[in-house]
Amino acid sequence: MQENLMKVQRIEHGTVIDHILPGKAFDVLRVLGLSNDRSLSILTNSHSKKGGKKDILKIENVELSVQEASRVALISPQATINIIVDGKVVRKFNAEAPKLVRGILSCSNPNCISNQNEPITSEFRLGPDDGHRYVCNYCERDLVDLAKRVRW
């Protein structure tokens with residue numbers, strides 16, 4: 001029996017985000033502030049040569065900056081960013097989680113000063129333990145489910 005496979009075409013100019021945690025591609029789109037009105041391909045639960053599953057995003061005509069890539073690391077710290085020009089990878093780097101996140105996340109504590117109509121910007125610092133936990137600089141609450149806490 002022949003297996004029916006769907007092929008996703010390569011992109012000529014843009015960004016490929018590889019090794020996204022399975023099921024997190026849409027969260028990565030959200031944290032980047034990208035919508036479905038762009039030309040993009042989303043592969044979910046794709047086979048990984050390293051074993052297991054991964055998601056992949058291919059975004060035409062968008063070259064992520066290092067700062068934007070750091071937002072990817074909020075959701076999927078092991079993601080790899082590939083910048084594509086004329087169909088070839090011209091730069092490849094790992095997303096690196098920022099030590100401080102200002103203004104793009106909201107605290108999960110409804111009583112936090114950052115949620116009280118005060119003229120302050122939300123701030124979260126990278127926790128000291130495993131490097132994947134963020135803590136509010138105002139109320140010290142751990143931030144859970146970062147993708148749901150993104151504000152635009």
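Figure 1. The structure shown is a predicted model. D86 sits in the loop between strand 4 and strand 5, the latter spanning residues 88-94. Although D86 is not a glycine, its phi is positive, at about 50 degrees.

Figure 2. N45 belongs to strand 2, which covers residues 40-47. The backbone of N45 has a positive phi near 50 degrees, in a residue other than glycine. N45 has a relative accessibility of 44% and therefore counts as partly exposed.

**Figure 3. Close-up of T80 and its surroundings.** T80 is located in strand 4, comprising residues 80-85. Its relative accessibility is 8%, so T80 counts as buried. Beyond neighbours within four places in sequence, T80 is in contact with V16, I17, D18 and H19, and also with K92, F93 and N94. With N94 there is a polar contact between side chains, at 3.4 Å from T80.

Figure 4. Two helices and nine strands make up the secondary structure of the chain, arranged along the sequence as β-α-β-β-α-β-β-β-β-β-β. Of the 152 residues in the chain, 40% are buried. Among contacts in the chain with a separation of 6 or more, 60% join residues 24 or more positions apart. The accessible surface of the chain amounts to about 9300 Å², and carbon and sulfur atoms contribute 47% of this surface.

Technical notes
Residues numbered from 1 in each chain as written. Predicted model: local features only at pLDDT ≥ 70, side-chain atom pairs only at ≥ 80, totals over all residues. Heavy atoms only, no water. Helix = DSSP H or I, 4+ residues; strand = E, 2+ residues; numbered from the N terminus. Buried < 20%, exposed > 50% of the residue type's maximum accessible area, 1.4 Å probe, protein only. Polar contact = N/O pair within 3.5 Å; in protein donor to acceptor, adjacent residues only side chain to side chain. Contact = heavy atoms within 4.5 Å. Areas by Shrake-Rupley, 256 points an atom, 1.4 Å probe, with all protein chains shown as cover.
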